[in-house]
Amino acid sequence: MENNNEVLLKVEHLCQYFKMGKKQLKAVDDVNFEIKKGEVFGLVGESGCGKTTTGRSIIKLYDITSGSVYFKGVRVCAGTQSYKDAIKKKKKEVFAKIDELKAEAKNKPETAEKNAAEIGKLTKELNEFIAEQKKLIASAIHDHKHCDRDHADKLTEQVEAEYAPKLKAAENDPVALKKVEKEYRTRLRIAKKSRLTTQIQMIFQDPIASLDPRMTVKEIISEGLVISGIKDKEYIDEKVYEILETVGLVREHAGRYPHEFSGGQRQRIGIARAVIMHPEMIIADEPVSALDVSIQAQVINLLNDLREKLGLTILFIAHNLSVVKYFSDRIGVMYYGKMVELTTSEELFAHPLHPYTKSLLSAIPLPDPRTEKTRVRIAYNPIAEHDYTVDKPSMREIVPGHFVYCNDEEEIKYKKELGL
């Protein structure tokens, strides 16, 4: 991993809820983590725990319910539900208090003046709180809608500043001026169409469903370049051929359709489509789960090579812990939409603390029949394991860099486990 402490992606209190009639499905509930530049962050958990939803929310395929996602220090995703809920909660508390004061004034007339002053104070506080929350809502909506536009405007200004002296210097040379103007128009068009979130690309889990069956491989891979404003066909062809060879395919594959390829080859096309945009970060959503074991190793090695060659930062989503151990620098474990444990790969396998993490690790099969005969599978039952009726849990740092979702009693227990 690149020795770098620069935080590229920061996820704060991310919540993604989906409506199910009158109820809400909390697919992702108050998830927090950071990914440093150049590292591979593994996100693991059983099917349905919210891993993929987290990835899709980060890349803005879903509008998040509440929380914030920062990429390169810019808030690219912002939800408003938490602010609206805070207003509802505050109103309920204040109105209940006002009702109490009114009832007291009615029963005890001597307190009427004092209570009226208190009601006025509470009303003023409520109005100030609502105004503050509305400002936060407006800020969240602005950041969510305008982050890409602001990024494009910034790049446009940079291009204009760069080419102003070049155009002035070429004023007296028509040939040079024409060349500079053409280059300037191309760069300006690309800058105006640029989006900050384009610097995050996604490799999808299903290589069949994620590729358009009516498009050739060349059209699929080059689509991002075309959308970004590049019109030079020779340049596009050259880039497509170059990236095909980088991911282990050949030029002749460019004219074929997705159905003509095997699963592993399709996933390589998906990787090529993501990498051609020169992203700073890739979200790999279970990129090997649909592939044979031998092909899985090839794809993982390819991602490792690309990471070293292009300096990529990767959010690697998977349910196979043995794959994640090999590939990731840090690992976050999710269960039912919550992050339950987060630490380095070595620490997680050496000292798992949360019972769900222990359950996942106990399920990893080992290539040794003798060991397999004696392997004990640990079952995880949250009702039996935890009592959160009074002592509520939160994400806590047990040792530096090792976070676990637990309450006070469990924190003491986990520290004892580590001999602290």
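This is a predicted model: local features need pLDDT of at least 70, side-chain atom pairs count only at pLDDT 80 or more; totals for chains, interfaces and linings use all residues.
As for its place in the fold, Gln199 is found in the loop between α4 and β6. Buried or exposed? Gln199 counts as buried, because its relative accessibility is 16% and the cut-off for buried is under 20%.

Now the pockets. The largest pocket has a volume of about 1200 Å³. Its lining is made of 41 residues. Nearest the centre lie Thr198, Gln201, Gly224, Ser228 and Met277.

Which element gives the most to that lining? That is α4, with seven residues. At least two residues each come from α3 (112–169), α4 (174–193), β6 (200–203), α5 (217–227) and α7 (263–275). By class, the lining of the largest pocket has 18 nonpolar residues, twelve polar and eleven charged.

On to the second largest pocket. Its volume is about 330 Å³. There are 14 residues lining the second largest pocket, and Tyr335, Tyr336, Lys338, Pro382 and Tyr405 are the closest to its centre. Two or more lining residues come from each of β2 (23–36), β10 (338–344) and α13 (382–385).

And the classes here? In the second largest pocket, the lining has nine nonpolar, two polar and three charged residues.

Terms used: Residues are numbered from 1 along each chain as its sequence is written. Side-chain values use heavy atoms; hydrogens and water are left out. On a 1 Å grid over the protein atoms alone, a cavity is a set of points where a 1.4 Å probe fits but cannot get out, and a pocket is an open set with protein on both sides within 12 Å along at least five of seven lines; lining residues have an atom within 4 Å of a point. Grid points are joined across faces, edges and corners, and a volume is the space filled by probe spheres set on the points. Helices (H or I, at least four residues) and strands (E, at least two) are DSSP runs, numbered from the N terminus. Ala, Val, Leu, Ile, Met, Phe, Trp, Tyr, Cys and Pro count as nonpolar, Asp, Glu, Lys and Arg as charged, and the others, Gly among them, as polar. Buried means under 20% relative accessible area, exposed over 50%, partly exposed in between (1.4 Å probe, protein chains only).
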